[in-house]
Amino acid sequence: MNTRPVIAVIGATGAQGGGLAEAILSDPLHRFALRALTRKPDSPAARSLAARGAEVMYCDLDAPDSIAAAFTDAHGVFAITSFWEHFSPERELAQAWNIAGAARRAEVRHIIWSTLEDTRLQVPLHDARMPTLLGRYKVPHLDAKGESDRFFRDLPTTLLRTSFFWDNLIHFGMGPQRDASGGLAFLLPMGDRKLPGIAAADIGACAFGLLREGAAHIGRTVGIAGEHLNGEEMAAALARALREPVRHLDMPTEAYARLDFPGAADLANMFRYKHDFSASFRAMRPVGESRRLHPGLLDFSGWLRLHAQRIPLQAAA
């Protein structure tokens, strides 16, 4: 009979949740039992977790009953929502509400809520430096998570503020592109300001550190990053890894918002926010504390050593 505390991990087959699932399963002290939550329990990734000893359960964040079943008898929960699956901040708010309600009813003892800042606390809707989007947001994919923090205030929660995923260079089309001359250019519209970044899998590994240390982190807001770099520094690291020159390309965020891909206006406002509030945004994400939680934390060059060859070098449109 398993007597280890059960950690229910939302999105256990994804990037963030997958990092926590791996940390739990690889822990030599076997401190926790993994309950891997997914909408696709028959997927190859879910079956692989089951083969390694995880309890795999169906969970749909739009279906409160499925969340309630998934949280039953869980000691801890790793909670995450995915704006980019549906581009709806209202749906993300509803999902966070469902998670918090289920955790409250299940009397979960430690929740790690993967979140971000509500930018409207610094840039009100009437502030013209960023256009208002969808009627009531400045950066929808940040604001919905930040607004959802209030659902967890009366629960034993650690708010985990994440950073830019370097994996976006692989999966989100944000890697270097070839220009008309065939050279590589890396677009980061933040001037010389530094962007906190992290390997997506390291988010889950840092969450494991928070769960391992337990009650000391309940009620805290903890920010994490693997390294803070500006566009020139990221381009130089990319050039070393790809073994060809990469130049940093900057542009006004107003121009970035007009680029032809879904979410361009949202990301333009995000980059503007991270530029204008660089000092406070970076101060919330100290690399030293992140590495203490996860000694194997990767910096950008370390991430590139593992993943540079997976970055699609796209031709400019």
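Trainee: Which residues is Phe 300 in contact with, leaving aside its neighbours within four places in sequence?
Mentor: Phe 300 is in contact with Trp 166, Leu 169, Glu 227, Leu 229, Met 234, Ala 237 and Leu 238. Keep in mind that this is a predicted model.

Trainee: Thanks! Where does Phe 300 lie, and is Phe 300 buried or exposed?
Mentor: Phe 300 lies in helix 13, which covers residues 300–307. Phe 300 has a relative accessible area of 0%, so it counts as buried.

Trainee: And how many Å apart in space are Phe 300 and Glu 90?
Mentor: From C-alpha to C-alpha, Phe 300 and Glu 90 are 33 Å apart. In sequence, 210 residues separate Phe 300 and Glu 90.

Trainee: Let's switch to the cores. Which residues touch the most other members in the largest nonpolar core?
Mentor: Leu 20, Phe 71, Phe 152 and Leu 160 do, in a core of 55 residues. There is also a second, separate core of 32 residues, with Phe 164, Trp 166, Ala 235 and Ala 308 among them. In soluble globular proteins, nonpolar side chains tend to be buried together.

Trainee: What is Leu 160 in contact with, again leaving aside neighbours within four places in sequence?
Mentor: The contacts of Leu 160 include Phe 78, Ile 112, Trp 113, Ser 114 and Thr 115. Leu 160 is also in contact with Ile 203, Ala 207, Leu 210, Val 222 and Ile 224.

Trainee: On to helix pairs. How do the axes of helix 1 and helix 7 cross?
Mentor: The axes of helix 1 (residues 15–26) and helix 7 (residues 200–213) cross at roughly 50 degrees and come within 6 Å. Helix 1 and helix 7 are therefore oblique to each other, and the crossing is right-handed.

Trainee: Which residues meet there, between helix 1 and helix 7?
Mentor: From helix 1 you have Ala 15, Gln 16, Gly 19, Leu 20, Ala 23 and Ile 24. They meet Ala 200, Ala 201, Ile 203, Gly 204, Ala 205, Ala 207, Phe 208 and Leu 211 in helix 7. By class, that contact of helix 1 with helix 7 has 11 nonpolar, 3 polar and no charged residues.

Trainee: What about helix 4 and helix 5, how do their axes cross?
Mentor: Helix 4 (residues 89–106) and helix 5 (residues 140–148) have axes that come within 9 Å and cross at roughly 25 degrees. An angle under 35 degrees counts as roughly parallel, so helix 4 and helix 5 are roughly parallel to each other. The crossing of helix 4 and helix 5 is right-handed. The contact of helix 4 with helix 5 has 5 nonpolar, 2 polar and 3 charged residues.

How values were computed: Residues are numbered from 1 along each chain as its sequence is written. This is a predicted model: local features need pLDDT of at least 70, side-chain atom pairs count only at pLDDT 80 or more; totals for chains, interfaces and linings use all residues. Side-chain values use heavy atoms; hydrogens and water are left out. Axes are lines fitted to C-alpha atoms, for helices over the stretch in contact, and angles run from 0 to 180 degrees between N-to-C directions. Helices (H or I, at least four residues) and strands (E, at least two) are DSSP runs, numbered from the N terminus. Angles under 35 degrees count as roughly parallel, over 145 as roughly antiparallel, 65 to 115 as roughly perpendicular and the rest as oblique. A crossing is left-handed if the near helix is turned anticlockwise from the far one by less than a right angle, and right-handed if clockwise. Ala, Val, Leu, Ile, Met, Phe, Trp, Tyr, Cys and Pro count as nonpolar, Asp, Glu, Lys and Arg as charged, and the others, Gly among them, as polar. A nonpolar core is a set of buried Ala, Val, Leu, Ile, Met, Phe, Trp, Tyr and Cys residues joined through side-chain atoms within 4.5 Å. Buried means under 20% relative accessible area, exposed over 50%, partly exposed in between (1.4 Å probe, protein chains only). Contact means heavy atoms within 4.5 Å.
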